[in-house]
Amino acid sequence: MLQPILRLALPSPLRRLFDYLPPVGIAVSSLKPGMRLRVPFGRREIVGVLVEIVDHSDVPPAKLKPALEALDSQPPLPPELFKLCLWTAQYYQHSLGDTFSWALPVLLRQGEPAETRQERFWHAAKGARPEDPRLSRAPRQREALKTIAQHPHGVAHSLVSQLQLSKDSLDQLLQKGMLRTETRRSHDIKRHQGSWLLQPELPLNQEQRAAFEAINAGLDGFQTFLLAGVTGSGKTEVYLQLIHQVLEAGKQALVLIPEINLGPQTLARFEKRFNARIALLHSNVNDRERLDAWLAARDGEADIIIGTRSALFTPMKNPGLIILDEEHDASYKQQEGLRYHARDLAVVRARQENLPILLGSATPSLESLQNAHSGRYALLKLTQRAGGAQAPRFLRLDVKSRPLDSGISGPLQQAMAQTLAAGQQVLVFLNRRGFAPSLLCHDCGWISQCPRCDARMTLHQRHNELRCHHCGHAERPPHSCPDCNKLDLRPVGAGTERAEERLGTIFPDYPVLRIDRDSTSRKGSMEQLLTTINRGEPCLLVGTQMLAKGHHFPRVTMVAILDADGGLFSADFRASERMAQLIVQVAGRAGRAEESGKVIIQTHLADHPLLVQLTEQGYFAFADQALSERRAAGLPPFSHLALLRAEAQKPGQAEDFLDQACSHAEQFLEQLGISGVELLGPVPAPMERRAGRFRAQLLLQGNARAPLHKLMGVWIPLVEALPGSRTVRWSLDVDPIDLF
């Protein structure tokens, strides 16, 4: 009888499986695909995932090693997610072992049991009172009993020290029968019996009602709905009422959001509405909390799962609906390692599990709009703001030949002053962090360049440093020009720090709150800022695109966009789409309550056709025009791209590697008779040097997905085997969203 061979996916960039013998003393019949095994790998021991059991191996029998132990009695990933990982690795041409690593929580990758922790909980015994005479001379025990009695669900043993309780006091109370203990799952939060709703649902207007009913009618099977609703149109209320239907049916809902910073706000809204068990999964929760939430969702003990893109891989025992909010957002695309797009993969998951999926946005991506136009998605539009709020008015402010004070024109300052005087809030949008984008010598023209990138360094005045936003290099600003030794060094341009400082001087009577990655890096800082804003007192908010995403600021009635021209002349064909989305999303923060809002866009190109169309006809007119231009140019979504990037420490090395890869691709196109695929390059990357490495890229463009993927299926294993693949760092990006 042939010896069974276990084929495992290991956490390695190599696109292959590894063969092992079964662990000693384990019946092969008990092993199932998806189980984790600990195996020897070189001098280390690592955790792999069993993919299949076969009866032969290309490895000589004498070289096959037995796996050390099986870590699971049942696969931690349900069959549907196991299948999704196989599909993902194949579509994105990525290592299967690494794909499983992205899908599993960190602790499971490290070999922790895929079981919920059992923990000891302390409870006050029935009838136990702090006034009991037995405690008259035991003040610490008396206080401990008081504290425990305040927690009807019990106090976890891990929290005893945080509550300043003495273990001795608890043990003595236990001996006296005044405390009791139980062991249960640490996250075992019981749902209160009764209605799922803690708050009544808001009345839906006619458009919201039509969207709700259309999706509700499709809750029993796969369909993709695109809810395109203007900012403030009440998309979230439609989500909440649909989730209520899902909960009533005894099923779970998965809600994906683009940014960690939206997590607490979304969680608070859901907790106020629902009497439900809610799990939150994103990179700011610790590994243990993440595993507990993941297991709760898998075991059906979490009713609603909220998370960022990686939460897509969360298993659900009774899946009912997937919602992906702000579906256009670039944050859904993973830009390193497994370069998946959570929106596209969520649709694949929904199809595999026969679930409805709802994509929502005020500014849908051109890919999703084209899918709606072609009938693949059901398009539902919300054109009115909820509660009778009016859409904001757009004003294009031509600043040609006008003096700018830290990027702010005189007419804009006057408009800000009027808004603040009326007791309202102003949002100032500038998508550049730091004080100034560069430091310039007024005498010789020297500019602060990053020594490791082809990029200028940004001046961060608060920390007194020049910082590269591409590689993270930081240094102190020079006292004199490094080239001519003159002292006249001037910050050029304006970032959020500079705008914050100048607005504080112009409007000394009003607080200026800055919201960007620098000001919100400390834990809880974003929540503090949002609490201040939501008090409703007049203030100025200055920030980057973090301000554009999903926030509800009822007292903001004016939005000022300081520099709208950046996306009009970019080499990236998606730049105008991103700029239009950003303008509309930021504008959507204005006038969301009773007062109407206005949006003032400072521009040197007030008559640019794109800006005129966007501000006068709206996003969907812009999108139709952009789609017709993309169709004429043969660009996505009317073609499909894959980008092979390479970087090396020496100039020319990356191009040489890509030249070899390109010649092999050309041979395969000819040998296999593949048509409709073009190879563009190799060429240096738009930013050729980054973090001290020289970068180049080769673009593959296909008229259809099938021939492009047919080529990649045979080509990428050969690229992996090229001699230069070990000296050059390379990656493949299928469906890239930027070409940099």
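Helices (DSSP runs of H or I, at least four residues) and strands (DSSP runs of E, at least two) are numbered from the N terminus. The model is predicted: local features need pLDDT of at least 70 and side-chain atom pairs pLDDT 80 or more, while totals for chains, interfaces and linings use all residues. Residues are numbered from 1 along each chain as its sequence is written, and side-chain values use heavy atoms, without hydrogens or water.

**View A. The largest nonpolar core has 122 residues.** A nonpolar core is a set of buried Ala, Val, Leu, Ile, Met, Phe, Trp, Tyr and Cys residues joined through side-chain atoms within 4.5 Å. Buried means under 20% relative accessible area, exposed over 50%, and partly exposed in between (1.4 Å probe, protein chains only). F100, L427, I561, Y619, L700 and W715 have the most contacts inside this core. Helix α18 (residues 653-671) supplies its largest share, 8 residues. Another core, of 31 residues, lies apart from it; A211, I215, F225 and F270 are among its members.

**View B. I561 and its contacts.** Contact means heavy atoms within 4.5 Å. With neighbours within four places in sequence set aside, I561 touches F429, I583, V586, V599, I600, I601 and Q602.

**View C. Seven strands build an open sheet with parallel pairing.** Strands pair if DSSP finds at least two bridges between them. The order is β11-β12-β10-β13-β14-β9-β15. From one strand to the next the twist averages 15°. Angles run from 0 to 180 degrees between N-to-C directions; axes are lines fitted to C-alpha atoms, for helices over the stretch in contact. Strands β10 (residues 252-256) and β12 (residues 304-307) run parallel, joined by 4 bridges. Within that pairing, L256 has G307 in β12 as its bridge partner. Helix α10 (residues 342-352) lies across β9 (223-229), β10, β13 (319-325) and β14 (356-361). It runs at about 160° to β13.

**View D. Three strands form an open antiparallel sheet.** The order is β21-β22-β23. Strands β21 (458-460) and β23 (474-475) are the edges, each pairing on one side only. Between β22 (residues 465-467) and β23 there are 2 bridges. L466 stands opposite E475 in β23.

**View E. Aromatic pairs number 9 in the whole structure.** Rings of Phe, Tyr and Trp (its six-membered ring) pair with centres within 6.5 Å; planes under 30 degrees apart are stacked, over 60 edge-to-face, and the rest tilted. F313 and Y340 are edge-to-face, because their ring centres are 5.5 Å apart and their planes stand at 75°. F313 sits in the loop between β12 and β13, and Y340 in the loop between β13 and α10, so the pair ties together parts 27 residues apart in sequence. F313 and Y340 are buried. Y619 and F620 form another edge-to-face pair, 5.8 Å centre to centre with 80° between the planes. Both Y619 and F620 are buried. Ring pairs also link W87, Y91 and Y92 into a cluster.

**View F. Charges over rings.** A charge sits over a ring if NZ of Lys or CZ of Arg is within 6 Å of the ring centre and within 35 degrees of the ring normal. K381 lies over the face of F620, 4.3 Å from the ring centre. The charged end of R16 sits over the ring of F18, at 4.1 Å from its centre.

**View G. C539 is buried, at 2% relative accessibility.** C539 occupies the loop between α14 (525-534) and β26 (540-543). Leaving out neighbours within four places in sequence, C539 contacts L420, Q424, Q425, V426, P511 and L513. Q245 is 294 residues away along the chain, and its C-alpha atom is separated from that of C539 by 40 Å.

**View H. Backbone exceptions.** Most residues other than glycine have a negative phi, and most peptide bonds are trans. The bond from P636 to P637 is cis, with omega near 10°. P637 lies in the loop between α17 (619-633) and β29 (640-648). The bond from G681 to P682 is also cis, with omega near 5°. P682 lies in strand β30 (residues 677-690). E326, not a glycine, has a positive phi of about 50°. Its place is the loop between β13 and α10. E326 has a relative accessible area of 7%, so it counts as buried. S401, not a glycine, has a positive phi of about 65°. S401 is in the loop between β16 (393-398) and β17 (404-405). With 81% relative accessibility, S401 is exposed.
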